[in-house]
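Morning, everyone. I have one structure to walk through today. Please have a look at it on the screen.

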Amino acid sequence: MTGTYGEGSPDADEWNVAEIAAGLFAAREDWRAAYRPGPCALVRFPSRRRLELILSDLSGALFPLRLGPSSVQVDNEASYVEQALGRALAALRDQVQLEIVARCTTPESAARAEAGRIIAAFAQELPPIRRVLDTDIEAAYAGDPAARSVDEVLICYPGIQAVIPYRLANSLYRHGAPLIARVIAEIAHSQTGIDIHPGASIGGSFFIDHGNGVVIGETAIVGERVRIYQAVTLGARSFPSEKDGTLTKGVARHPIVEDDVVIYAGATILGRVTVGAGAVIGGNVWLTESVPPGSVIHQAFAERARGDVSALPRGNVVDEADSDAPRGLI
Amino acid sequence: MTGTYGEGSPDADEWNVAEIAAGLFAAREDWRAAYRPGPCALVRFPSRRRLELILSDLSGALFPLRLGPSSVQVDNEASYVEQALGRALAALRDQVQLEIVARCTTPESAARAEAGRIIAAFAQELPPIRRVLDTDIEAAYAGDPAARSVDEVLICYPGIQAVIPYRLANSLYRHGAPLIARVIAEIAHSQTGIDIHPGASIGGSFFIDHGNGVVIGETAIVGERVRIYQAVTLGARSFPSEKDGTLTKGVARHPIVEDDVVIYAGATILGRVTVGAGAVIGGNVWLTESVPPGSVIHQAFAERARGDVSALPRGNVVDEADSDAPRGLI
Amino acid sequence: MTGTYGEGSPDADEWNVAEIAAGLFAAREDWRAAYRPGPCALVRFPSRRRLELILSDLSGALFPLRLGPSSVQVDNEASYVEQALGRALAALRDQVQLEIVARCTTPESAARAEAGRIIAAFAQELPPIRRVLDTDIEAAYAGDPAARSVDEVLICYPGIQAVIPYRLANSLYRHGAPLIARVIAEIAHSQTGIDIHPGASIGGSFFIDHGNGVVIGETAIVGERVRIYQAVTLGARSFPSEKDGTLTKGVARHPIVEDDVVIYAGATILGRVTVGAGAVIGGNVWLTESVPPGSVIHQAFAERARGDVSALPRGNVVDEADSDAPRGLI
């Protein structure tokens with residue numbers, strides 16, 4: 001058998017491909033026998049590769065002169081946007097239809113109509129999504145002394161590369177395509193190291209700097225003008241479970257972060273706690289309780305190397321106004 | 001010279017390409033003179049790009065309806081698996097042969113035969129690898145309240161996207177192709193931020209959630225039903241070195257994690273220590289000693305903001321049964 | 001409308017593409033009205049995808065037998081290098097020209113000449129860049145007991161996959177193409193999780209192991225033979241701002257790390273502090289002050305679980321010679 005790699009020699013007889021394939025088939029059958037997937041488990045499934053292409057077209061339609069192909073210029077911008085949008089929305093409808101059919105609760109014909117309604121609602125939100133993304137880009141430009149222009153932010157910054165897919169995915173999630181939304185979020189996660197669940201709710205002027213290692217959970221709520229740095233976690237503290245031991249799905253279990261909060265690198269905030277408006281959470285802080293608006297929380301740890309160690313507070317400290325708190329990380 | 005980018009103008013005479021190329025050649029010759037690579041250093045070398053294609057075909061062969069091309073359906077599934085498997089194994093044999101020749105200890109003809117034996121042994125393990133991957137997928141589905149189906153886990157979760165290549169790479173590593181194994185592991189690392197050395201030994205029902213920043217070292221041993229979260233390190237504490245100062249290769253220097261252990265985000269476990277069966281290691285814990293089965297280890301740190309600070313233990317604390325320990329992070 | 005995905009059905013009439021495109025256009029116009037971009041804002045812009053191809057060609061030209069296409073062998077190596085170099089430099093000149101024109105301070109004809117000068121200066125530095133990269137590869141091989149050969153390091157290690165683009169980007173940054181430099185750095189960031197700003201200055205024999213989560217800021221200065229591990233941050237502590245509240249750009253605000261320093265995983269060093277030659281900074285240390293040459297800094301934290309806790313120092317401790325400090329992490 002000749003391969004598509006341009007190599008792969010025909011004397012490959014040390015192994016028996018048919019036998020290995022049969023072994024794989026038997027393993028699959030055993031799994032199916034044990035877990036009894038429903039009749040819909042064998043249908044075609046949404047494709048991650050196809051969603052990567054769709055995401056690329058949607059990004060180009062949102063910001064044609066910066067994220068579109070380099071052939072797009074002012075004089076052909078409008079026709080490019082219509083084309084990219086048209087093919088992306090039609091292809092996305094097919095993917096959403098596959099998601100619905102795979103749930104096995106909707107007949108195929110109804111699934112097509114439902115997918116059409118979801119995409120129509122999603123498409124209506126694209127202009128407002130562009131408007132809120134503009135505020136995100138402005139926030140990144142204003143918040144990073146290394147940024148030279150909004151264009152640099154748009155084509156370079158991983159925070160923007162993650163928040164564009166997040167806002168698209170969140171719309172699909174709200175309109176009833178949570179699986180497609182999750183795949184889009186994981187495409188962005190793979191490219192940026194930033195893991196935002198599409199179920200999270202995030203206000204405008206949101207800036208993630210550097211971003212690698214950021215995790216924002218499914219039920220997190222983030223206000224306006226929030227700024228966070230790399231390796232920040234907005235996570236769950238514990239998972240309630242049912243009487244049979246299975247985890248309860250969908251419970252509000254992640255933090256609420258109010259407007260104008262800044263969270264520095266490596267801070268971990270767990271559970272359904274509230275970080276009050278305007279609070280500043282220092283680097284590496286571990287927080288599992290609510291803090292009032294205007295709080296400045298930092299690790300006592302970094303302070304201890306100086307002066308009279310025994311006189312310093314231990315653990316996380318709440319100060320109403322601490323002008324010496326770190327204001328930046330990069 | 002016209003480029004393949006569709007641009008690149010012919011008046012590029014501000015620089016002299018031949019002169020720069022000669023400078024690069026001279027630099028290479030100086031390196032070779034200093035380090036005297038053996039006669040095999042100039043042979044062809046395994047190709048990371050080709051291994052990416054092979055990995056994609058193997059993933060498709062293992063899970064054709066979910067990770068194969070979207071053209072694969074129930075009625076052509078069997079023929080796709082045979083084709084993908086056939087070309088991937090043949091191409092992989094060629095890559096393993098390149099690895100063996102580059103070692104310069106085996107004549108080229110013997111290298112081909114040895115590569116064939118390695119691939120035959122690897123191919124035999126593919127069905128059992130599929131079986132253990134099924135347990136990993138089940139563990140992810142059971143362990144994450146945000147997971148809606150095993151299919152979502154399979155096509156989305158970075159932990160699964162890392163553990164599929166890990167189990168393939170580990171088989172190649174054990175059968176004598178450690179370089180190919182390492183390249184495959186680094187392909188997964190680049191896609192997921194999860195860095196599992198192919199020499200590590202990991203039992204079934206293994207679940208990594210989120211995963212970015214996870215590092216598992218070459219001699220780590222992980223039992224059955226272990227669950228770990230993002231940014232967990234199973235690392236080495238120190239490197240023994242030879243009398244001439246070079247590092248000793250291959251010494252057991254990473255942790256042993258027994259069955260049913262849970263390790264929360266950011267925990268760092270260093271050295272050849274043993275984490276006993278059923279232990280729970282809390283977020284951000286820094287651990288360099290063994291802990292007995294059933295231990296619950298957490299940072300005292302996060303507790304200190306509450307109540308009588310001086311009465312709290314300092315540092316990492318071992319409790320036999322602490323029902324208040326964090327049970328989840330996302 | 002038929003899509004390029006091979007799907008996309010023609011009955012997509014639940015939504016009106018022209019109307020959505022008009023909504024996107026209106027959003028864009030509102031943004032432009034609010035922010036009044038100059039006349040150059042609409043010019044063509046450098047392309048991230050094109051720079052990915054250029055970076056691939058430059059890597060191949062630097063290390064043809066290892067990072068070039070698998071068709072490159074000893075007998076066609078020289079002609080490959082000339083070809084790859086010729087097309088990459090010409091295409092890079094076009095990208096730099098786009099950067100200059102977009103600044104709107106240079107007429108288009110002068111921009112072409114300036115781009116030519118920048119690329120000529122960059123091209124002259126490629127042979128010395130190859131020489132310093134050789135020292136980086138040697139340092140990785142010497143510093144990691146899991147490394148089997150310099151070739152494995154070159155094709156596998158994310159630290160090398162990040163430092164090759166960094167050294168190219170740093171040259172472009174110094175010669176006057178900071179935007180192109182930043183895009184190249186972000187391509188590497190996306191592939192490796194290692195975020196090195198091209199403005200940082202880094203000496204030879206530099207080794208980053210694992211690397212995911214590393215952040216090195218714009219004004220950091222790193223000496224010779226420095227070794228760092230995953231999740232290390234060399235960041236800023238605060239951002240000076242102008243009277244109008246905007247951040248001051250370009251101030252030296254990141255650490256100076258002198259020769260022969262080792263920084264273990266997760267350490268965070270913030271502000272314009274100096275880490276003296278030969279110092280060792282332990283894992284997870286949080287450092288915002290300068291430390292003298294030869295210092296060994298580690299978290300007291302990890303020590304507290306042992307022996308008489310009250311007798312141990314709290315916080316980060318400076319010891320001139322602490323032979324028990326961790327020497328490795330993986």
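Start with Glu218(B). This residue is buried, at 6% relative accessibility. Buried means under 20% relative accessible area, exposed means over 50%, and partly exposed is in between, with a 1.4 Å probe and protein chains only. Its partner is Arg148(C): the two form a salt bridge, with the closest N and O atoms 3.3 Å apart. A salt bridge here is a side-chain nitrogen of Lys or Arg within 4 Å of a carboxyl oxygen of Asp or Glu. Arg148(C) is partly exposed, with a relative accessible area of 39%. The pair crosses between chains. On the chain C side, Arg148(C) sits in the loop between H6 and helix H7 (150-156). On the chain B side, Glu218(B) sits in the loop between strand E4 (215-216) and strand E5 (221-222). Helices (H or I, at least four residues) and strands (E, at least two) are DSSP runs, numbered from the N terminus.

Now, the ground rules. This is a predicted model, where local features need pLDDT of at least 70, side-chain atom pairs count only at pLDDT 80 or more, and totals for chains, interfaces and linings use all residues. Residues are numbered from 1 along each chain as its sequence is written, chains are lettered from A and ligands numbered from 1 in the order in which they are written, and side-chain values use heavy atoms, with hydrogens and water left out.

How confident is the predictor in chain A? The mean pLDDT of chain A is 84, and 81% of its residues reach 70 or more. pLDDT is the predictor's confidence in each residue, from 0 to 100. Over residues 301-330 of chain A, the pLDDT is below 50. Beyond near neighbours in sequence, that stretch still has 100 contacts in the model. Contact means heavy atoms within 4.5 Å.

Back to salt bridges. Over all chains, the whole structure has 57. One of them joins the side chains of Arg87(A) and Asp57(A), at 2.7 Å, N to O. Arg87(A) is in helix H4 (residues 77-103) of chain A and Asp57(A) is in helix H2 (residues 48-62) of chain A, so the pair ties together parts that are 30 residues apart in sequence. Both Arg87(A) and Asp57(A) are buried.

In chain C, Arg93(C) pairs with Asp94(C), with 3.8 Å between the closest N and O atoms. Arg93(C) is buried, at 0% relative accessible area. Asp94(C) is buried too, at 9%. There is also a network: salt bridges link Arg28(A), Glu29(A), Arg32(A) and Glu77(B).

Next, two helices in chain C. The axes of H5 (residues 108-124) and H6 (residues 126-143) come within 4 Å and cross at roughly 40 degrees. H5(C) and H6(C) are therefore oblique to each other. Which residues of H5(C) meet H6(C)? Phe122(C), Ala123(C) and Gln124(C) do, and they meet Leu126(C), Pro127(C) and Pro128(C) in H6(C).

Last stop, backbone angles. Most residues other than glycine have a negative phi. His210(C) has a positive phi, near 65 degrees. His210(C) lies in the loop between strand E3 (207-208) and strand E4 (215-216) of chain C, and is buried at 9% relative accessibility. Asn284(C) also has a positive phi, about 65 degrees. Asn284(C) lies in the loop between strand E12 (280-281) and strand E13 (286-287) of chain C. For the helix pair, two definitions remain. Axes are lines fitted to C-alpha atoms, for helices over the stretch in contact, and angles run from 0 to 180 degrees between N-to-C directions. Angles under 35 degrees count as roughly parallel, over 145 as roughly antiparallel, 65 to 115 as roughly perpendicular and the rest as oblique.
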